[in-house]
Amino acid sequence: MLPSNVEPEAVLDTIRRLIEDDQVATARRAVAEAARRFPEDPEIRKAKRVLNDGRSTSCAEVEPRTREEFEWLSNPPAWARGKWIGLVGRQVVVMADTMEELIAAVKARSFPQKPLLHHLES
Amino acid sequence: MISPTAPLTTGALRYLDSYPGLKEAQPRVYVKFRPAGVEGSFVALLDTGGHFCILNRLTSALLSDHLADSMGLFTIQTAHGRLVGELYRHTITIIAEVGESLQVESTLFVPPDWEGPCFIGYSGVLDRMCFAVNPRANSFHFGPL
(Lines give C-alpha, C1' and ligand atoms only; values in the text may rest on other atoms or scores of the structure.)
Protein backbone atom coordinates (compact mmCIF):
# COMPACT_ATOMS: atom_id res chain seq x y z
CA MET A 1 0.00 0.00 0.00
CA LEU A 2 2.94 2.38 0.46
CA PRO A 3 4.54 3.89 -2.68
CA SER A 4 7.83 2.26 -3.59
CA ASN A 5 9.96 5.41 -3.29
CA VAL A 6 8.48 6.79 -0.07
CA GLU A 7 10.73 7.96 2.76
CA PRO A 8 10.14 7.17 6.45
CA GLU A 9 9.10 10.73 7.29
CA ALA A 10 6.38 10.68 4.63
CA VAL A 11 5.21 7.30 5.89
CA LEU A 12 4.85 8.68 9.40
CA ASP A 13 2.84 11.62 8.03
CA THR A 14 0.57 9.16 6.26
CA ILE A 15 0.11 7.12 9.41
CA ARG A 16 -0.78 10.26 11.35
CA ARG A 17 -3.36 11.30 8.76
CA LEU A 18 -4.91 7.87 8.76
CA ILE A 19 -5.25 7.81 12.53
CA GLU A 20 -6.75 11.28 12.62
CA ASP A 21 -9.15 10.28 9.81
CA ASP A 22 -10.35 7.40 11.98
CA GLN A 23 -8.72 4.82 9.71
CA VAL A 24 -6.81 3.08 12.44
CA ALA A 25 -6.85 -0.38 10.83
CA THR A 26 -5.32 1.04 7.64
CA ALA A 27 -2.77 2.96 9.71
CA ARG A 28 -1.71 -0.25 11.43
CA ARG A 29 -1.30 -2.03 8.10
CA ALA A 30 0.83 0.88 6.90
CA VAL A 31 2.91 0.63 10.06
CA ALA A 32 3.45 -3.09 9.52
CA GLU A 33 4.57 -2.52 5.95
CA ALA A 34 6.79 0.40 6.94
CA ALA A 35 8.43 -1.69 9.66
CA ARG A 36 9.36 -4.32 7.07
CA ARG A 37 10.77 -1.67 4.72
CA PHE A 38 12.56 0.45 7.31
CA PRO A 39 13.36 -1.89 10.19
CA GLU A 40 16.05 0.38 11.62
CA ASP A 41 14.12 3.65 11.58
CA PRO A 42 13.55 4.58 15.26
CA GLU A 43 10.28 6.48 14.71
CA ILE A 44 8.75 3.69 12.65
CA ARG A 45 9.84 1.17 15.24
CA LYS A 46 8.17 3.33 17.89
CA ALA A 47 4.97 3.54 15.82
CA LYS A 48 4.93 -0.25 15.46
CA ARG A 49 5.49 -0.68 19.16
CA VAL A 50 2.74 1.78 20.09
CA LEU A 51 0.12 0.83 17.51
CA ASN A 52 0.71 -2.77 16.51
CA ASP A 53 2.60 -4.72 19.12
CA GLY A 54 1.20 -5.93 22.40
CA ARG A 55 0.00 -9.06 24.08
CA SER A 56 -2.04 -10.04 27.11
CA THR A 57 -1.10 -12.24 30.02
CA SER A 58 -3.02 -13.44 33.04
CA CYS A 59 -1.94 -12.38 36.50
CA ALA A 60 -2.94 -13.59 39.94
CA GLU A 61 -4.22 -10.19 41.14
CA VAL A 62 -7.91 -10.38 42.09
CA GLU A 63 -10.17 -7.80 43.75
CA PRO A 64 -13.30 -9.52 45.03
CA ARG A 65 -14.64 -6.28 46.52
CA THR A 66 -15.26 -4.71 43.12
CA ARG A 67 -18.94 -5.55 43.31
CA GLU A 68 -19.27 -3.65 46.60
CA GLU A 69 -17.50 -0.67 45.05
CA PHE A 70 -19.78 -0.65 42.02
CA GLU A 71 -22.86 -0.98 44.23
CA TRP A 72 -21.68 1.92 46.40
CA LEU A 73 -20.96 4.09 43.33
CA SER A 74 -24.39 3.35 41.91
CA ASN A 75 -26.07 4.78 45.02
CA PRO A 76 -23.59 6.99 46.88
CA PRO A 77 -24.53 8.87 50.08
CA ALA A 78 -25.46 12.53 49.75
CA TRP A 79 -22.32 13.69 51.59
CA ALA A 80 -20.12 12.15 48.90
CA ARG A 81 -21.75 13.88 45.94
CA GLY A 82 -19.46 16.34 44.22
CA LYS A 83 -16.39 14.76 45.84
CA TRP A 84 -13.37 12.98 44.40
CA ILE A 85 -13.17 9.68 46.26
CA GLY A 86 -11.21 6.49 46.59
CA LEU A 87 -13.09 3.33 47.53
CA VAL A 88 -12.07 -0.07 48.78
CA GLY A 89 -15.22 -2.13 48.98
CA ARG A 90 -17.78 0.14 50.61
CA GLN A 91 -15.18 2.10 52.57
CA VAL A 92 -14.10 5.56 51.46
CA VAL A 93 -10.33 5.51 52.09
CA VAL A 94 -9.55 8.90 50.57
CA MET A 95 -11.71 11.91 49.70
CA ALA A 96 -11.07 15.39 48.34
CA ASP A 97 -12.89 18.44 47.04
CA THR A 98 -10.77 18.77 43.90
CA MET A 99 -9.00 16.43 41.55
CA GLU A 100 -5.64 17.99 42.43
CA GLU A 101 -6.21 17.34 46.14
CA LEU A 102 -7.12 13.72 45.44
CA ILE A 103 -4.01 13.23 43.33
CA ALA A 104 -1.83 14.73 46.08
CA ALA A 105 -3.46 12.50 48.70
CA VAL A 106 -3.05 9.36 46.57
CA LYS A 107 0.61 10.11 45.85
CA ALA A 108 1.36 10.95 49.50
CA ARG A 109 0.49 7.56 50.92
CA SER A 110 0.41 3.89 50.12
CA PHE A 111 -2.75 1.83 50.45
CA PRO A 112 -2.96 -1.79 51.59
CA GLN A 113 -5.40 -2.23 48.71
CA LYS A 114 -5.42 0.11 45.73
CA PRO A 115 -8.61 2.19 45.80
CA LEU A 116 -11.10 2.72 43.00
CA LEU A 117 -10.79 6.42 42.23
CA HIS A 118 -13.79 8.34 40.93
CA HIS A 119 -15.47 11.72 40.82
CA LEU A 120 -19.11 11.80 41.85
CA GLU A 121 -21.30 14.37 40.18
CA SER A 122 -23.11 16.83 42.47
CA MET B 1 -9.59 -23.28 13.99
CA ILE B 2 -12.39 -22.30 16.33
CA SER B 3 -14.01 -24.49 18.91
CA PRO B 4 -17.29 -23.88 20.74
CA THR B 5 -15.93 -25.53 23.86
CA ALA B 6 -12.38 -24.17 24.06
CA PRO B 7 -11.85 -22.17 27.26
CA LEU B 8 -11.36 -18.55 26.30
CA THR B 9 -11.45 -16.70 29.59
CA THR B 10 -9.61 -16.90 32.86
CA GLY B 11 -11.13 -14.05 34.84
CA ALA B 12 -14.43 -12.25 35.32
CA LEU B 13 -16.07 -9.33 37.02
CA ARG B 14 -19.58 -8.03 37.44
CA TYR B 15 -19.82 -4.90 35.30
CA LEU B 16 -21.75 -1.67 35.81
CA ASP B 17 -24.30 -0.94 33.14
CA SER B 18 -24.34 2.82 33.72
CA TYR B 19 -21.66 5.35 34.62
CA PRO B 20 -21.88 6.22 38.32
CA GLY B 21 -23.75 9.46 38.71
CA LEU B 22 -24.91 9.62 35.11
CA LYS B 23 -28.36 8.57 33.94
CA GLU B 24 -27.97 6.95 30.53
CA ALA B 25 -30.68 5.99 28.09
CA GLN B 26 -28.87 2.88 26.86
CA PRO B 27 -27.17 0.15 28.84
CA ARG B 28 -23.39 -0.01 28.70
CA VAL B 29 -20.61 -2.20 30.00
CA TYR B 30 -18.33 -0.49 32.52
CA VAL B 31 -15.39 -2.41 33.95
CA LYS B 32 -12.55 -1.75 36.38
CA PHE B 33 -8.98 -1.32 35.18
CA ARG B 34 -5.62 -0.03 36.34
CA PRO B 35 -2.76 1.44 34.29
CA ALA B 36 0.61 0.08 35.40
CA GLY B 37 2.34 2.26 37.97
CA VAL B 38 -0.80 3.96 39.30
CA GLU B 39 -1.85 3.43 42.91
CA GLY B 40 -5.52 3.24 42.07
CA SER B 41 -8.04 1.82 39.65
CA PHE B 42 -10.74 3.36 37.51
CA VAL B 43 -14.05 2.75 35.81
CA ALA B 44 -13.89 2.45 32.00
CA LEU B 45 -16.51 2.01 29.29
CA LEU B 46 -16.02 -0.90 26.91
CA ASP B 47 -16.23 0.44 23.38
CA THR B 48 -15.96 -2.31 20.79
CA GLY B 49 -16.43 0.31 18.06
CA GLY B 50 -13.67 2.55 19.34
CA HIS B 51 -9.92 2.70 19.24
CA PHE B 52 -7.32 2.58 22.00
CA CYS B 53 -7.62 2.98 25.74
CA ILE B 54 -8.65 6.60 26.22
CA LEU B 55 -7.90 8.08 29.62
CA ASN B 56 -9.78 10.81 31.40
CA ARG B 57 -8.24 13.78 33.14
CA LEU B 58 -7.80 12.09 36.52
CA THR B 59 -6.21 8.96 35.11
CA SER B 60 -3.97 10.96 32.75
CA ALA B 61 -2.71 13.10 35.61
CA LEU B 62 -1.89 10.11 37.84
CA LEU B 63 -0.20 8.24 35.00
CA SER B 64 1.83 11.10 33.54
CA ASP B 65 5.03 10.33 35.52
CA HIS B 66 5.00 6.74 34.23
CA LEU B 67 4.60 7.35 30.51
CA ALA B 68 7.49 7.39 28.09
CA ASP B 69 8.14 7.52 24.37
CA SER B 70 5.11 9.32 23.05
CA MET B 71 4.25 9.11 19.34
CA GLY B 72 3.35 12.78 19.57
CA LEU B 73 0.14 14.78 19.58
CA PHE B 74 -2.87 13.50 17.69
CA THR B 75 -6.42 14.80 17.21
CA ILE B 76 -8.69 11.78 17.33
CA GLN B 77 -12.39 11.44 16.64
CA THR B 78 -14.34 9.77 19.42
CA ALA B 79 -18.02 9.28 20.17
CA HIS B 80 -17.78 12.42 22.31
CA GLY B 81 -16.11 14.60 19.73
CA ARG B 82 -12.52 15.28 18.74
CA LEU B 83 -9.91 14.99 21.47
CA VAL B 84 -6.28 16.09 21.41
CA GLY B 85 -3.71 13.94 23.18
CA GLU B 86 -0.64 11.76 22.89
CA LEU B 87 -0.36 8.10 21.94
CA TYR B 88 1.68 5.72 24.06
CA ARG B 89 2.18 2.06 24.62
CA HIS B 90 1.51 1.10 28.24
CA THR B 91 0.23 -1.86 30.17
CA ILE B 92 -3.22 -1.81 31.72
CA THR B 93 -4.76 -4.49 33.91
CA ILE B 94 -8.39 -5.50 33.60
CA ILE B 95 -9.18 -6.27 37.22
CA ALA B 96 -10.92 -9.56 37.92
CA GLU B 97 -13.34 -10.14 40.71
CA VAL B 98 -12.85 -13.91 40.35
CA GLY B 99 -10.24 -15.95 38.53
CA GLU B 100 -7.27 -14.03 37.18
CA SER B 101 -6.83 -10.42 36.13
CA LEU B 102 -5.45 -9.66 32.69
CA GLN B 103 -2.49 -7.47 31.84
CA VAL B 104 -2.75 -6.03 28.35
CA GLU B 105 0.07 -4.20 26.57
CA SER B 106 -2.13 -1.49 25.09
CA THR B 107 -2.22 1.59 22.91
CA LEU B 108 -3.12 4.46 25.21
CA PHE B 109 -4.52 7.79 24.08
CA VAL B 110 -3.88 10.40 26.76
CA PRO B 111 -5.80 13.67 26.38
CA PRO B 112 -5.03 15.86 29.39
CA ASP B 113 -8.44 17.54 29.52
CA TRP B 114 -11.05 14.84 28.88
CA GLU B 115 -13.61 15.05 31.71
CA GLY B 116 -15.75 12.06 30.79
CA PRO B 117 -15.17 8.37 31.48
CA CYS B 118 -12.20 6.34 30.38
CA PHE B 119 -12.75 4.10 27.36
CA ILE B 120 -11.40 0.68 26.53
CA GLY B 121 -11.59 0.40 22.77
CA TYR B 122 -11.15 -2.46 20.35
CA SER B 123 -8.03 -1.42 18.40
CA GLY B 124 -5.01 -1.68 20.63
CA VAL B 125 -6.74 -3.23 23.66
CA LEU B 126 -9.69 -5.56 23.20
CA ASP B 127 -8.17 -7.04 20.04
CA ARG B 128 -5.33 -8.36 22.22
CA MET B 129 -7.57 -10.46 24.45
CA CYS B 130 -10.52 -12.83 24.48
CA PHE B 131 -13.69 -11.51 26.06
CA ALA B 132 -17.36 -12.27 26.48
CA VAL B 133 -20.38 -10.71 28.15
CA ASN B 134 -23.15 -12.49 30.06
CA PRO B 135 -25.97 -9.91 30.22
CA ARG B 136 -28.08 -12.07 32.48
CA ALA B 137 -25.37 -12.06 35.16
CA ASN B 138 -24.00 -8.59 34.21
CA SER B 139 -20.61 -10.29 34.02
CA PHE B 140 -17.63 -9.58 31.80
CA HIS B 141 -15.28 -12.50 31.14
CA PHE B 142 -11.79 -12.19 29.74
CA GLY B 143 -8.55 -14.03 29.10
CA PRO B 144 -5.31 -13.91 27.11
CA LEU B 145 -5.17 -14.69 23.42
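Analyst: Happy to! Let's start with the side chain of S106(B), which reaches the backbone oxygen of V104(B) at 2.9 Å, a polar contact (N or O atoms within 3.5 Å, one able to donate a hydrogen and the other to accept it; residues adjacent in sequence count only if both atoms are side-chain atoms). This is a predicted model, where local features need pLDDT of at least 70 and side-chain atom pairs pLDDT 80 or more, while totals for chains, interfaces and linings use all residues. Residues are numbered from 1 along each chain, chains are lettered from A and ligands numbered from 1 as written, and side-chain values use heavy atoms, without hydrogens or water.

S106(B) belongs to strand β8 (residues 101-110) of chain B; strands are DSSP E runs of at least two residues, helices H or I runs of at least four, numbered from the N terminus. S106(B) counts as buried because its relative accessibility is 0% (buried is under 20%, exposed over 50%, partly exposed in between; 1.4 Å probe, protein chains only). Beyond neighbours within four places in sequence, S106(B) contacts Y88(B), R89(B), H90(B), I92(B), G124(B), V125(B) and R128(B), with contact meaning heavy atoms within 4.5 Å.

Now for the sheet. In chain A, an open, antiparallel sheet of three strands runs in the order β3-β2-β4; strands pair if DSSP finds at least two bridges. Its edge strands, β3 (91-96) and β4 (116-119) of chain A, each pair on one side only. Four bridges join β2(A) (residues 84-88) to β4(A), and W84(A) stands opposite H119(A).
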